[in-house]
Amino acid sequence: MNKKLYIQTLGCAMNERDSEHIIAELEEKENYQITTNPQEADLILINTCSVREKPEKKLFSEIGQYAKIKKNDAKIGICGCTASHLGESILKRSKAVDFVLGARNVSKISQIIHQKRVAWVDIDYDDSSYIFSSKQNSILKGMINISIGCDKKCTYCIVPHTRGNEISIPTHLIINEAKRLANQGTKEILLLGQNVNNYGKRFSIPHRKINFTQLLYEISQIDGIQRIRFTSPHPLHMDDEFIEEFAHNPKLCKAIHMPLQSGSTKILQKMKRGYTKEWFLNRVEKMYSLIPHLSISTDIIVGFPTESEEDFLDTLDVLEKVQFDTLYSFIYSSRPHTEAAKWIENKEVGEIDEEEAKRRLILLKDKHRDILTQNNQKELNNIHSILFESYDEQNKLLEGRSDTNKLIRVKAGRNLVGEICKVKISEIKGAQLIGELM
Ligand code: SF4
């Protein structure tokens with residue numbers, strides 16, 4: 001009889017992909033079957049995120065909840081970034097936890113479930129050449145890891161501490177995986193890495209010289225793959241060669257994530273981001289000149305230590321100039337093992353007043369909302385190519401995403417799910433775009 005696995009995934013697309021790997025390993029090697037009910041599970045996993053403080057704080061109360069409702073002999077395992085960063089201390093703090101598996105150790109899941117009260121959190125562990133079992137949430141869309149870890153040392157970020165140094169996954173493994181996905185009918189792939197466009201910097205086996213732009217080109221040559229997305233690229237590595245390929249290769253979706261973090265060159269230097277406000281704007285300008293309909297999303301942190309009103313106004317200035325389509329914005333929260341946390345600990349810098357940081361976040365979000373409302377109005381009569389992903393039975397509407405990553409709904413039959421069609425925007429209802437087949 002199958003054993004039941006319940007898994008809760010927090011955080012980014014990397015974590016989602018790690019969960020897919022974990023599920024596949026346990027289904028294929030350990031005879032598990034996924035369940036959405038933790039009460040009937042034989043194994044409960046929490047795949048954690050530690051980028052911000054809040055979810056990490058909630059972890060122990062969640063463990064407590066699961067411990068109360070789980071079956072008597074069910075196990076609880078903690079995986080992901082918080083597992084890497086808190087390690088054995090999770091076992092010490094909670095008797096309910098059976099094992100702790102770090103983000104860099106996903107490939108060991110089928111071994112650790114047979115251990116008692118252990119923590120495997122080696123951040124130098126190399127599973128870049130490990131062949132994972134196949135698993136994806138949707139046949140139409142697949143995710144492929146192209147690198148693990150991150151060599152950057154952004155002063156606010158805990159990721160290098162939880163995911164270790166950067167290693168690129170050998171190109172032939174990526175190409176084989178993309179071909180396998182194409183053969184089973186996958187149309188869109190999402191390439192994943194903490195710092196995707198630094199691809200090729202370091203391999204753990206002898207490897208030909210290759211960079212991210214060349215990798216994109218090689219994947220785009222695979223028949224059947226019709227769309228390619230990637231996350232997260234670093235603005236520093238967006239050179240002219242990359243922008244030309246991105247603009248002119250029709251399989252590369254015209255939506256890009258450009259994590260700004262701050263619009264102030266002074267703050268960017270303190271964050272050790274490696275670029276200036278001018279560099280960021282120059283890259284955006286070049287991309288817009290080649291791709292006028294490009295959609296750009298971003299991450300912004302407000303209230304980073306020493307951020308003055310003038311620095312914040314620089315951020316608003318970049319927001320205004322770039323007109324980001326999507327904004328993920330946060331108040332700075334100090335993370336352990338980071339340089340910025342040490343400055344605060346040593347009282348070299350003070351934290352920005354909480355009320356002031358909140359004011360800046362609200363202002364930023366309000367300004368972004370205005371930009372979105374204005375830009376949405378301009379969508380009327382625009383033409384997009386949409387990959388239809390699902391059918392809303394109740395409203396008889398097809399739903400899909402444009403290559404600029406906009407969610408668009410169309411009155412048409414369910415037989416078009418899985419097809420890529422041209423759609424003209426005919427109606428705008430608040431943030432919702434409704435279109436007609438052309
Ligand atoms: S590039 Fe910076 S923010 Fe991104 S994962 Fe690496 S250290 Fe963190």
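**Exercise 1.** Determine whether C154 is buried or exposed, and state where C154 lies and what C154 touches.

*Solution.* Step 1: C154 has a relative accessible area of 9% and is therefore buried (buried means under 20% relative accessible area, exposed over 50%, partly exposed in between, with a 1.4 Å probe and protein chains only). Step 2: C154 sits in the loop between β8 and α6 (helices, H or I of at least four residues, and strands, E of at least two, are DSSP runs numbered from the N terminus). Step 3: beyond its neighbours within four places in sequence, C154 contacts M271, K272 and R273 (contact means heavy atoms within 4.5 Å).

The model is predicted: local features need pLDDT of at least 70, side-chain atom pairs count only at pLDDT 80 or more, and totals for chains, interfaces and linings use all residues. Residues are numbered from 1 along each chain as its sequence is written, and side-chain values use heavy atoms, without hydrogens and water.

**Exercise 2.** Which feature does UniProt place at C150, C154 and C157, and where is C150?

*Solution.* Step 1: the unreviewed UniProt entry gives "binding site" at these positions (positions follow the numbering used here, feature names are shortened, and annotations may be inferred rather than shown by experiment). Step 2: C150 is in the loop between β8 (147-148) and α6 (159-163). Step 3: C150 counts as buried because its relative accessibility is 9%.

**Exercise 3.** Explain why α1 is described as largely enclosed.

*Solution.* Of the 18 residues of α1, 13 are buried, so the rest of the structure largely encloses this helix.
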